[in-house]
Amino acid sequence: MATKKLTRSSNKMLAGICGGIADYLNVDPTIIRVIYAALTLFSAAFPGILLYIILLLIVPERPDDSSKGFDDAEVVG
């Protein structure tokens, strides 16, 4: 069984935090963005901005599956 891991998404507006949370929860990223923006505005903005910066530092980027460890320079043909 594969375990889910929270990572930053490539579907991003700023840094991919809300997109990553949406991927983790299997919901539409727009819903997470709207909820996060509303909570940030209703909490005097500072806590939401601070939380986003903390998540930006903690949540790792999603590994790039397209490269598979090969460089284009290594291909001889």
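**Figure 1. Salt bridge between E61 and R8.** In this predicted model, the side chains of E61 and R8 form a salt bridge, with an N to O distance of 3.9 Å. The pair connects distant parts of the chain, since E61 belongs to the segment after α3 and R8 to the segment before α1, 53 residues apart. The two partners fall into separate accessibility classes: E61 is exposed, with a relative accessible area of 55%, whereas R8 counts as buried at 17% relative accessibility. The cut-off for the buried class is under 20% relative accessible area, so the 17% of R8 places this residue within that class. Side chains of opposite charge can pair when their charged atoms come close.

**Figure 2. Salt bridge between D23 and R62.** The side chains of D23 and R62 meet at 2.9 Å, N to O, in a salt bridge. D23 is part of helix α1 and R62 of the segment after α3, so the bridge ties together parts that are 39 residues apart in sequence. D23 is partly exposed, at 35% relative accessibility, and R62 is likewise partly exposed, at 36%. The count for the model comes to two salt bridges.

**Figure 3. Helix α3 and its buried side.** Helix α3 comprises residues 46-58, 13 residues in total. From its first C-alpha to its last, α3 reaches 18 Å, close to the 18 Å expected at 1.5 Å a residue. Its buried residues are G48, Y52 and L55. These residues lie on the same side of α3 because they cover an arc of only 65° around the axis. The buried residues of α3 pack against α1 (17-25) and α2 (29-42). On the other side of α3, the exposed residues are F46, L57 and I58.

**Figure 4. The largest nonpolar core.** Nine residues make up this core: A15, I17, C18, A22, I32, Y36, Y52, L55 and V59. Helices α1, α2 and α3 are the elements that give two or more residues to the core. The greatest contribution is that of α1, with three residues.

**Figure 5. Surroundings of Y36.** With its neighbours within four places in sequence left aside, Y36 is in contact with C18, G48, I49, L51 and Y52.

**Figure 6. V27 in the loop between α1 and α2.** V27 is located in the loop that lies between α1 and α2. This residue is partly exposed, with a relative accessible area of 36%. Leaving aside neighbours within four places in sequence, V27 is in contact with A22 and I32.

**Figure 7. Context of the close-up views within the chain.** The secondary structure comprises three helices and zero strands, in the order α-α-α along the sequence. Of the 77 residues of the chain, 25% count as buried. Among contacts between residues at least 6 apart in sequence, 42% join residues at least 24 apart. The chain exposes about 6,200 Å², of which carbon and sulfur atoms supply 67%.

Terms used:
Residues numbered from 1 in each chain as written. Predicted model: local features only at pLDDT ≥ 70, side-chain atom pairs only at ≥ 80, totals over all residues. Heavy atoms only, no water. Helix = DSSP H or I, 4+ residues; strand = E, 2+ residues; numbered from the N terminus. Expected span 1.5 Å × (residues − 1). Buried < 20%, exposed > 50% of the residue type's maximum accessible area, 1.4 Å probe, protein only. Arc of directions from axis to C-beta. Contact = heavy atoms within 4.5 Å. Areas by Shrake-Rupley, 256 points an atom, 1.4 Å probe, with all protein chains shown as cover. Core = buried A, V, L, I, M, F, W, Y, C linked by side-chain atoms within 4.5 Å. Salt bridge = Lys/Arg side-chain N within 4 Å of Asp/Glu carboxyl O.
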